[in-house]
Amino acid sequence: MKILLDECLPRPLKKRLPGHEVKTVQEMGWQTMKNGSLMKRAVDEKFELFLTSDKNLEFQQNLTLYDIAVVVFDVVRNKIEFLVPLLRTFNDRLSNFEKGKANRNFHSTFRQWQTNLHLNTTSRKFSTNSSE
């Protein structure tokens, strides 16, 4: 699948989407474009999916005009550690995304991030203590 990552998403997310042709807005040289022009250009370049965390996009643009599926990641911060937990659900639903609308229900909370951070820190401490 040909996927375009919005400039508001971290570029390393691209590496987390193997098996797809993934380009960033920056790679395409489109970072100065307004959303409407960006969506039209993405469709013209045959992108099938636009990934963003811009929760206002669907209210600013009439997405039904564009033959592309838009996935909105609802994250507390646009950091890779908030996005990675959403990728399993994203991959499971990949074939069900509808073109011409914002596909949502990808939520990552600060509490989830804190929990993951705590578990990672705890496991590191445990492994450090067990090697003494």
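Leaving aside neighbours within four places in sequence, which residues is Gln61 in contact with? The legends below concern a predicted model, in which local features need pLDDT of at least 70, side-chain atom pairs count only at pLDDT 80 or more, and totals for chains, interfaces and linings use all residues. Residues are numbered from 1 along each chain as its sequence is written, and side-chain values use heavy atoms, with hydrogens and water left out.

**View A. Surroundings of Gln61.** With those neighbours set aside, Gln61 is in contact with Asn35, Gly36 and Tyr66 (heavy atoms within 4.5 Å). Gln61 is placed in the loop between helix 3 (57–60) and strand 4 (69–75); helices (H or I, at least four residues) and strands (E, at least two) are DSSP runs, numbered from the N terminus. Its relative accessible area of 19% makes Gln61 buried (under 20%, 1.4 Å probe, protein chains only).

**View B. The ring pair of Trp30 and Phe47.** The ring centres of Trp30 and Phe47 are 6.1 Å apart and the planes stand at 80°, so the pair is edge-to-face (centres within 6.5 Å, planes over 60 degrees apart, the six-membered ring being used for Trp). Trp30 belongs to the loop between helix 1 (25–28) and helix 2 (35–44), and Phe47 to the loop between helix 2 and strand 3 (49–52), so the pair ties together parts that are 17 residues apart in sequence. Trp30 is buried at 3% relative accessibility, and Phe47 is buried with a relative accessible area of 3%.

**View C. The cluster of Phe73, Phe90 and Phe97.** Ring pairs join Phe73, Phe90 and Phe97 into a cluster. The search of the whole structure finds three aromatic pairs.

Conventions
Phe/Tyr/Trp six-rings, centres within 6.5 Å; stacked < 30°, edge-to-face > 60°. Buried < 20%, exposed > 50% of the residue type's maximum accessible area, 1.4 Å probe, protein only.
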